[in-house]
Amino acid sequence: MAPRPDEASALLGCSAFFLPAPVPREGLLAFHSPTAGFLPVRLGPVEDLTVAAPYGRGARRRTVPVLLLPVREALPLLAAARDADGPGGALSPAVTVWRAASLFALRMAGRGRLLPGLTDGDLDAWRIGPYEAEDVRWVRALADAMPPTAYGAPLDGAGPVRLPDPHERLRAYLDAIADLLPRTAAAAAFTGTEAFSGLNSRAPLPEQRVWAAEVAHGADSGVRLSLRVELPWTDVYGSYDEGDEGDEGDGFDPHYTTPDTAPGPHSLRAALQLHSLADPTVLADAAEVWAAPADALPGFGPRTRIDTMLALRRAARVWEPLGRILDRPVPDALELSDDELADLLQDAAERLDAAGIAVHWPKDLVRELLAHAVVEPVGQDRDAEAPAFFSPEQLLAFRWEFAAGDQTLTQAELDRLAEAHRPLVRLRDQWVVVDAALIRKARERERTLSAFEGLTAALTGSVEEDGAVVPVHATGWLADLRGRLLAPDQGEASAPAALDATLRTYQLRGMAWLDRMTRLGFGACLADDMGLGKTVTLIALHLRRQEDPATAGPALVVCPASLLGNWTREIERFAPGTPVRRHHGQVRDLENLGGSEFVLTTYGTMRRDAALLAETGPWGLVVADEAQHVKNPAAATAKALRSIPSAARVALTGTPVENNLSELWALLDWTTPGLLGPLKSFRTRYGRAAERAAREEVTTAAAASGPDPGPAERLGRLVRPFLLRRKKSDPGIAPELPPKTETDQRVALTREQVSLYEAQVRESMAAIAAARGIARHGLVLKLLNVLKQICNHPAQYLKEPSGARLKGRSGKLDLLDELLDTILAEDGSVLVFSQYVQMARLLETHLASRGIPTLFLHGQTPVARREEMVDAFQRGEVPVFLLSLKAAGTGLNLTRAGHVVHFDRWWNPAVEDQATDRAYRIGQTQPVQVHRMVTEGTVEDRIADLLRSKRGLADAVLGGGEAALTDLTDAELADLVTLHRSDR
């Protein structure tokens, strides 16, 4: 209860001192009048007390009337006391000190700075602690400011009159408040015991002393301890060899005296140091503290030695060798054996630090030898120039190189280090910590690596050894080859004379890069955004290779069927006079193949005629266009493509990775076999880290931080020289392209859609909860597919006939009608993508009923008909082009469209971007509006948020699409698919 104003003001004009008690909370504050005048008698009875009062340079006895109040009654009075006009005037200096101490104790308690303990009589008691350095300084400053009237004490006996220590008296008062505050009726009821919670606790608790000491763990002692490791003298424990005439002069002498035979200051030892908490600037060796009188060293109190021994005893439990120092008359230092030093260098120092004892090492100690690997040509080839053509049969040498600081060690020094068998040696005029495992590596002699192993190490700058990543330094022609691969440009590039086109700057650079990579003996992947001219760049490369007899030869282009016409037109336009034939359809003839001819075929035909195409070779160049079609290395198409021999291989794709990093491996392992190693080890080293990050992204619906930066960075360094990635948004790539605006158009479900959606979620989640393994995965994929169909239109989900009523049953269809009305009124053209052929047919029927002419391209559309449709749309004959996303997401040039509508989502940004790029590509002159339809509150809405975060990943999507969602828990899946309606 807060005191009344008149009670608090009663302290005005009084002086006060504190009377400690054996039980801290029972201490008393004695208020008295320095002039024997006013006393707040209404607060309690007054009695006479003999105290020590200052007199000259000493003290004398004095009997004064005092008012004795328990701390629990005085504390609220002091906290509320203020200077004011009154009978006694302002607060006296003594009361001001105790008021300040009261507020400080309350603040410390509010910060949780309370520690349990036992009194000398084994009674439970709380005290303030632990103190930080600033707290200690504040308490000492307040004690120094106390007037003598604030720390007088009752006197009994006839001994000399001495004033008590103000610091001890102040700390006792703070502990009295600490022992009072936690003790309430509620606390005792909650804990079920009076110990440490009840005001009337009086039972001795000697069995709790160890527990209380462990909880406090030295937190309120006046000192902190540390060990200072001292190295032995140089001339005793090894010496630096300056290199006499006839000697190797390697700077190492293995003949040294061991610590066991080098007593005293010459041995390896750890000296005990004491740090004062009262003054953090005060530091002393334990030997100094024990040699001086208890109160002679500034910053250390009379309990310093006791606190030190208690702290050492606790620390000896975590590091046994410290027990020896406890047996010494003066705990000044500990002689260390080799094993003990090794233990300190490993994890003992961390255990000691956790126990409150820091370990300090000499500044000139080299904590570890720095190791890196050297990869270089074998033997006599080390000084040879870089080969003009990389050969996988070449061998490279691998060896270790070590350095102490900035000094590289010789093999002789490494051999002697291994022979020393010591954790610490003198080397090159400095002390070096020796790792035995590292030294074993140092003794390994040179071994050989395959060409691709060495190239991988050179490009990534690292190699994995025993699970650790070690830096690599490449030398000789390997370093030269690395420089050529990483060089961004090799001077000014010019187009081949036979090319009838003006290449853009980035296209010239792309052609030059492809030419350089293939001449070096490597394959390459050109991963430009769709519409940036990969086709003309490849045509220019073929013509450039025809200029050199060493690289001339026919080119085989493998592409989707929809691109055969585009390739034919582009070759005839940009390389007039260059023969081109289609190897496709019923008539397939490879007779009389010209040396510079283009042969165009589809992936399906290539798979069927792989043996014939292989026999026709070797080809001067094999090109895989839209190479993501062979992203599965185990599929028959990918295997067939690998069987066709060629002097050079180039992959063209706008999406080097659609779903996982195995697709990247499939592309680059075809263009440059062996570069990324076996698929299994590649997935272990790189793929799983990235896919795990993407899965976390899906489950948390937040922007992923990306895969582990270690593997990701190494993979980036490895593949960057073999994969050229350019985007339309890159500076200087396509500045003439008009702006592109992307909008998520959110629509509400109709009542029919809501009913179907919720029923499907309810039924499916019950089945999923009961399923396991592959069966569960299948049910999850089925649920996601069904929900997307419901979000599109109930007629698609219910598989209604084409004549069914469509209008008014789907929010998406209603929005599409509104968009088309606006677009067609402005004489615009639009592409409408859906991943479902059935939904596109429904749209075709619905728009026909409205009198809107459409074209519909899907997977079964013949190649010739595809080309007719594209031409008709580009001429403006039909304003609406319906397209199946999978069949028409690549290879088409539809720049007539100023609008792109994604009626449903593929849930992969890379695939959607490819589809959008049918309109947003070189040649587009009008702004492009992209409309992505999303139903509010549904799984589509949640996935739309995820897709925005996936677009933040570097260059390609690393997520697993729908497949990643099958690994969600039942709760996570339910949260993803449950309909969140705004009217709930």
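**Entry 1: E912 and R905**

I began with E912, which counts as buried at 2% relative accessibility, in what is a predicted model. I then looked up its partner and found that the side chains of E912 and R905 meet in a salt bridge, with 2.6 Å from N to O. R905 also counts as buried, with a relative accessibility of 2%.

**Entry 2: other salt bridges**

I noted that the structure holds 35 salt bridges, and I followed a few of them. One of these joins R25 to D179, where the closest N and O atoms are 3.0 Å apart. R25 sits in the loop between β1 (15-19) and β2 (28-32), while D179 belongs to helix α5 (residues 166-180), so this pair ties together parts that are 154 residues apart in sequence. I checked the burial of both residues and found R25 buried, and D179 as well.

I next took D515 and R519, whose side chains meet in a salt bridge at 2.9 Å, N to O. Both residues lie in helix α16 (residues 505-519), where they are four residues apart, about one turn of the helix.

**Entry 3: H793 and its surroundings**

I turned to H793 and located it in the loop between α26 (773-792) and α27 (794-798). Its relative accessible area is 0%, and H793 is therefore buried. What does the side chain of H793 reach? I found the backbone nitrogen of A795 at 3.0 Å, and the backbone oxygen of L806 at 2.8 Å. Leaving aside the neighbours within four places in sequence, I listed the contacts of H793 as Q753, R805, L806, R809, S810, L813 and M839.

**Entry 4: the sheet of six strands**

I traced an open sheet of six strands, in the order β28-β33-β32-β29-β31-β30, and noted that the pairing is parallel. At the edges stand β28 (740-747) and β30 (854-857), each of which has a single partner strand, so one side of each is left without a neighbour in the sheet. From one strand to the next, the twist averages 20 degrees.

Within this sheet I looked at strand β29 (residues 830-834) and strand β31 (residues 880-884), which run parallel and are joined by five bridges. Which residue of β31 stands opposite L831? I found that it is F881. I also noted helix α30 (residues 863-874), which packs on the sheet and touches β29, β30 and β31, its direction making about 145 degrees with that of β30.

**Entry 5: the sheet of seven strands**

I then followed an open sheet of seven strands, whose order is β23-β24-β22-β25-β26-β21-β27 and whose pairing is parallel. Its edge strands are β23 (580-583) and β27 (723-724), each of which pairs on one side only. I looked up strand β25 (residues 621-625) and strand β26 (residues 649-652), and found them paired in the parallel sense over four bridges. In this pairing, D625 stands opposite L652 in β26.

I recorded two helices against this sheet. Helix α18 (residues 564-574) lies across β22 (555-559), β23, β24 (598-602), β25 and β26, and runs at about 170 degrees to β24. Helix α22 (residues 661-671) packs on the sheet too, touching β21 (524-526), β25, β26 and β27, and its direction makes about 150 degrees with that of β26.

**Entry 6: confidence of the prediction**

The chain averages a pLDDT of 79, and 79% of the residues score at least 70. I marked residues 233-266, over which pLDDT stays under 50, and for which the model has 58 contacts beyond four places in sequence. I also marked residues 693-709, where the pLDDT is below 50 and the model has 29 contacts beyond near neighbours in sequence.

Definitions and conventions: Residues are numbered from 1 along each chain as its sequence is written. This is a predicted model: local features need pLDDT of at least 70, side-chain atom pairs count only at pLDDT 80 or more; totals for chains, interfaces and linings use all residues. Side-chain values use heavy atoms; hydrogens and water are left out. Two strands pair if DSSP finds at least two bridges between them. Axes are lines fitted to C-alpha atoms, for helices over the stretch in contact, and angles run from 0 to 180 degrees between N-to-C directions. Contact means heavy atoms within 4.5 Å. Buried means under 20% relative accessible area, exposed over 50%, partly exposed in between (1.4 Å probe, protein chains only). A polar contact is a pair of N or O atoms within 3.5 Å; within protein, one must be able to donate a hydrogen and the other to accept it, and residues adjacent in sequence count only if both atoms are side-chain atoms. pLDDT is the predictor's confidence in each residue, from 0 to 100. A salt bridge is a side-chain nitrogen of Lys or Arg within 4 Å of a carboxyl oxygen of Asp or Glu.
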